[in-house]
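Thank you all for coming. Please bring up the sequence and the model, and I will walk you through a few places in it.

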Amino acid sequence: MKKVIFAILFVGWFLSASATLLTNVYGRDYRLLNGRWDAIVDLYDQGERMKIFENRKPEGNTDFYEYSFDGGLRLEVPGDWNSQNPELKYYEGTVWYARPFEATKQAGKRTILYFGAVSYRAEVYLNGKKIGSHEGGFTPFQIDVTDDLAADGKNFLVVGVNNRRTVDAIPALAFDWWNYGGITRDVMLVDVPETHIEDYFVRLDKSKPDVIDIDVKMSKPLAGIPVKIEIPALKKQFEGTTDASGKVSGTIKAKGLRRWAPEAPVLYDVIVSGGDDRVAEEIGFRNIEVDGTKILINGEPQFMRCVSFHEEIPQRMGRATSEADATMLLSEAKALGVNMIRLAHYPQNEYTVRLAEKMGFVLWQEIPIWQGIDFKDASTLAKAKNMLTEMLNRDKNRCAVGFWGVANETKPSAERNAFLMSLLETGKAIDTSRLYTAAFDLVFFDNDRQLFTMNDSFTENLDVVAVNKYMGWYHPWPLSPAESVWDVVPDKPLIISEFGGEALYGQAGSRDVVSSWSEDYQARLYEDNLRMFDNIPNLAGVSPWILFDFRSPFRFHPTNQEGWNRKGLVSDRGQRKKAWYIMHYYYEKKRKEGLK
Ligand code: GCB
């Protein structure tokens, strides 16, 4: 019983900082709190006991404090600490970030402090007082600071950031990417009218080509607030008034609408007005649905030519944080010839998502339910639901997002099923206009039937099933690729969400020996897998793992890996490996077939 009460209290506590999120924060009146912040590294977690967030300075002759934010380490925000200081490369623990800023309470306005992401836990203090906390390294959270701003306008903000891996965290204890810590995305101070547009969701109906569905929510549960949504280029608008919960819903019939598609990523200016508030942004409209084993975009079957990348700039050995970083990652994806990106394995920054939409990529976004998650823990489930909610709320107006992923490589069990089911319910309560998917890794070769198959009843709950399968790398071939036939969820679209193998750029070696770590072996592995894909009747897309070599602490081989997962089609220095050309050719062929 004690345990249950604790779980409930705990869940309530951490949800408090992130219950609401302003939709489209970049479309508001905001100021960035980026730049160099002062920092204190707190390996033994003593800062809280010492109340260093009070930032006291000695006053009397006998006064002293064993800390100061002045004159010490400075860290760039947004940024991970690991890449900014050699001593912090492997650091997992607490770092206190601090900075002053000027702002006072303004009549008729609310001021919201918004964090794009803090990896992984954040404790936020303003002017010495704790104002909120958050868990989850890849989703935004906000705190209304209006009533905590200093009367003289001189504020001091402190954030305790902790990235220690724990069994109840998401991801948990071990994962195949670098555990970057820090304030890794923009920090913003956003001014909004006292009663403002908190949330809106504007999207095309799942299958109707000209019906735009609309939901708007004001920040206060007040009836009768006039709300308007305008799409000037279409000469269309919706007008309504809020109900007693401050919400209004409706539709716009939009004949003549040009739908967003990878080859024509059309976006429209959309203006949302509610009471005294007004927010604008570009929004695209597209249908996405499933018909048998096909994925339909705007009613047409599409083969998803996908690739993945981590939110990492390999050359800098650090997190991607800016629009320039997004441009680098997405340009290389474009060059490969893809029409889809799986943002592995967590929601990536808004620069990437928004630019991807403009460049015409369908996106798969997922939360880091990555192997090893404690599906029995109620607090872990609450965190997962919270992350999923934050991801959906941030990006639900991005038509580029076609897929929400709920898990990667999980083992069937009653607890796993209940956990994932609960995530699907949470997601669908917000958004039913996307396809829901998950990546599985338990496809096996059935010796009796002489084919590849999978037993996981959870697949029934998904629109699209995805499989990670490393034939020729983790799994030797039981038959030749040409003879390898699949019978996996035969009635649903199947995406091969990961396949590949490692190669060190520039390394020549045998096409037959896995441990040659050569571009030649990797190229052969690609040829073999692409051959096998011809034998998957319900194949709706493929996604090589991965676009770039990425850093991973458990890749120990001293000459071939040196702490890098070398499955990239492109090396850590940006050089394209042989397998890149094979994949590029395959995608070009698939693209041309799609035009027929
Ligand atoms: C997987 C995981 C991915 C890893 C990859 C690998 O199945 O989903 O996160 O990085 O395998 O390289 O082993």
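This is a predicted model: local features need pLDDT of at least 70, side-chain atom pairs count only at pLDDT 80 or more; totals for chains, interfaces and linings use all residues.

**Helices, a loop and cavities**

In helix H5, the buried residues, meaning those under 20% relative accessible area, where over 50% is exposed and anything in between partly exposed (1.4 Å probe, protein chains only), are Arg-416, Phe-419, Leu-420, Ser-422, Leu-423, Leu-424, Thr-426 and Gly-427. Residues are numbered from 1 along each chain as its sequence is written, and side-chain values use heavy atoms, with hydrogens and water left out.

Helices (H or I, at least four residues) and strands (E, at least two) are DSSP runs, numbered from the N terminus. Those buried residues of H5 pack against helix H4 (378–395), strand E26 (401–408) and strand E27 (435–440), where contact means heavy atoms within 4.5 Å. H5 itself, residues 414–430, has 17 residues and reaches 25 Å from its first C-alpha to its last, close to the 24 Å expected at 1.5 Å a residue, the expected span being 1.5 Å times one less than the number of residues.

Let us turn to helix H7. Its buried residues are Ala-579, Trp-580, Ile-582, Met-583, Tyr-586, Tyr-587 and Lys-590. They cover an arc of only 160° around the axis, which puts them on the same side of H7; the arc is that of the directions from the helix axis to the C-beta atoms. On the other side of H7, Tyr-585 and Leu-595 are exposed. The buried residues of H7 pack against strand E21 (304–309), helix H2 (323–336), helix H6 (519–533) and strand E33 (539–542).

What does Ala-244 touch, not counting residues up to four places away in sequence? Pro-221, Leu-222 and Ala-223 are the residues that Ala-244 touches. Ala-244 lies in the loop between strand E14 (236–241) and strand E15 (247–253), and is exposed, with a relative accessible area of 57%.

Finally, the cavities, each a set of points on a 1 Å grid over the protein atoms alone where a 1.4 Å probe fits but cannot get out, with lining residues having an atom within 4 Å of a point. The largest cavity is lined by 15 residues, of which Ser-119, Tyr-120, Pro-171, Phe-175 and Asn-179 lie nearest its centre. The second largest cavity has a lining that includes Tyr-26, Arg-185, Asp-186 and Arg-394.

Conventions
On a 1 Å grid over the protein atoms alone, a cavity is a set of points where a 1.4 Å probe fits but cannot get out, and a pocket is an open set with protein on both sides within 12 Å along at least five of seven lines; lining residues have an atom within 4 Å of a point.
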